[in-house]
Amino acid sequence: MSLTQLSVTIQADPPKRLDKALSRDVPAEASLSRTRLAKLMADGMVTRSGEALTDPKGRVAEGDVIEIRIPQAEDSHIGPEDIPLEVIFEDDDLIVINKPVGMVVHPAPGTPSGTLVNALLHHCGDTLSGVGGSKRPGIVHRIDKDTSGLLVVAKSDKAHHGLAAQFEKHTVERYYQAVCYGVPDANDPRVRGVKGVNFEPGNIMKITTQLARHKTDRQRQAVLFEGGRHAVTRVRIVEAFGTPEVAALVECWLETGRTHQIRVHLSHAGHSLIGDQTYGGRRKLSEKTLGIRGVTAAKDFPRQALHAAVLGFVHPVTSEEMRFEAPLPSDMSKLIEAMRAGPKG
C-alpha cells in the first residue's frame with residue numbers, strides 16, 4: 001500500500017479534542033476533512049511519538065507533532081462507463097452537471113450501471129483526487145431519475161466536506177421549474193384549508209410539514225405532522241394555462257432538501273405535477289378549457305414535469321460565489337407550448 005506521510009505541529013491554543021485540533025492545523029492543501037481524519041485515526045494511521053492515536057476525543061497540547069499516514073486513494077468498486085454528460089462547470093475540486101431525464105444518480109441494486117456516477121468515473125478519470133479514501137465522485141445531493149437539471153458533485157475530499165456542510169445548513173440555492181395541475185393561488189379557499197399550507201406576500205405558497213417514508217409503500221414519501229423530517233417548500237406561479245385556468249408553470253425553491261420533497265408537497269396541496277405517476281396520476285383535463293393540444297400533451301407526458309433550473313453555492317475551496325442555470329429540457333418546453341396555445345391553439 002502506497003502511503004503519504006504528513007507531519008502536523010499543533011499550534012497555540014488548540015481545541016481540546018484531537019480531531020478538532022487536527023482539523024484546524026492540517027494544511028488546507030492536504031484536503032483532509034474531519035470525517036476523513038476520524039477514519040485515518042480508526043485505521044491507526046495517526047501517531048504521536050510512535051503511539052497510535054485512535055480516539056478523536058483525545059487531548060493534545062501546543063507543540064505536539066502528529067504524524068499522519070495517508071494511503072493512496074483506492075480505485076472505486078464501481079466501473080467507469082463512457083456515457084455522454086452535459087458539463088456546465090468543472091475544476092480540480094468539483095463538477096456541475098445538467099442531468100438528463102432517465103439517468104439515476106448512484107448505482108443501486110435495481111440500477112447497477114448506466115448511472116451518473118459511472119459516467120463521472122469515466123469522464124473525470126485521474127482527476128478524482130479521492131473522496132473518503134476512494135477514487136470516486138462525492139455525491140452530496142441527488143435528483144430523481146426522471147427529473148432533469150443541475151447537480152454539483154465533489155472531486156476532492158475537501159470539496160465533498162465543504163459542499164456537504166452547505167447542504168446540511170440549507171444555504172445552497174436551489175430553484176426548480178414544474179408544471180402542475182391547477183393554479184396554487186392564495187384566492188383559492190380549498191388550498192387555504194390544507195394543513196401545512198399558507199401564503200406569503202407576493203402570492204407565494206409555503207408548504208411546511210414533516211416527511212417520512214410511507215408506511216406501506218417504501219418507494220413513496222408521506223406527509224406527517226409529527227415525527228419524520230422537517231421540510232419547507234415555496235411555490236410561485238410563473239404562468240397559468242387554460243380558460244378558465246386549470247394548470248400552471250411554477251417555480252419552487254427549497255428551504256430543506258428531502259427525498260421527493262417538491263412532488264409530495266405539491267401533491268399534498270392538491271397541485272400534483274403533470275406526469276407524476278407516484279404522487280399524482282393522470283387527471284382529466286377539458287379540451288374546452290385547455291384545447292386538444294394541451295390536453296393531449298399533458299395526458300401523454302411520460303414523467304414528472306420537474307426540472308432543477310438553478311443551483312447556487314459557495315465554492316468549498318476558493319470561497320467564490322457560484323450560480324448556474326439550466327434551461328428547460330425540450331420535453332417540458334413542448335408541454336408548456338402546447339398548454340399555452342389554449343382552446344384556440
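**View 1. Arginine 48 and its salt-bridge partner.** At 23% relative accessibility, arginine 48 counts as partly exposed, a label for values between the buried limit (under 20% relative accessible area) and the exposed one (over 50%), using a 1.4 Å probe and protein chains only. Its side chain meets that of aspartate 64 in a salt bridge (3.1 Å, N to O); the term stands for a side-chain nitrogen of Lys or Arg within 4 Å of a carboxyl oxygen of Asp or Glu. Arginine 48 sits in strand 2 (residues 46–48), and aspartate 64 in the loop between strand 3 (51–52) and strand 4 (65–71), 16 residues apart. Strands are DSSP runs of E, at least two residues, and helices are runs of H or I, at least four, numbered from the N terminus. Aspartate 64 is buried, at 18%.

This is a predicted model, with pLDDT of at least 70 needed for local features and 80 or more for side-chain atom pairs, while totals for chains, interfaces and linings use all residues. Residues count from 1 along each chain as its sequence is written, and side-chain values use heavy atoms, leaving out hydrogens and water.

**View 2. A hairpin and glutamate 90.** Three residues make the hairpin link from strand 6 to strand 7. These strands (87–90 and 94–99) pair antiparallel over three bridges; pairing takes at least two DSSP bridges. Glutamate 90 has isoleucine 95 as its bridge partner, and also forms a salt bridge with lysine 155, with 2.9 Å between the closest N and O atoms. Lysine 155 is buried at 3%, whereas glutamate 90 is partly exposed at 33%.

**View 3. Arginine 234 meets glutamate 255.** Their closest N and O atoms are 2.8 Å apart in a salt bridge.
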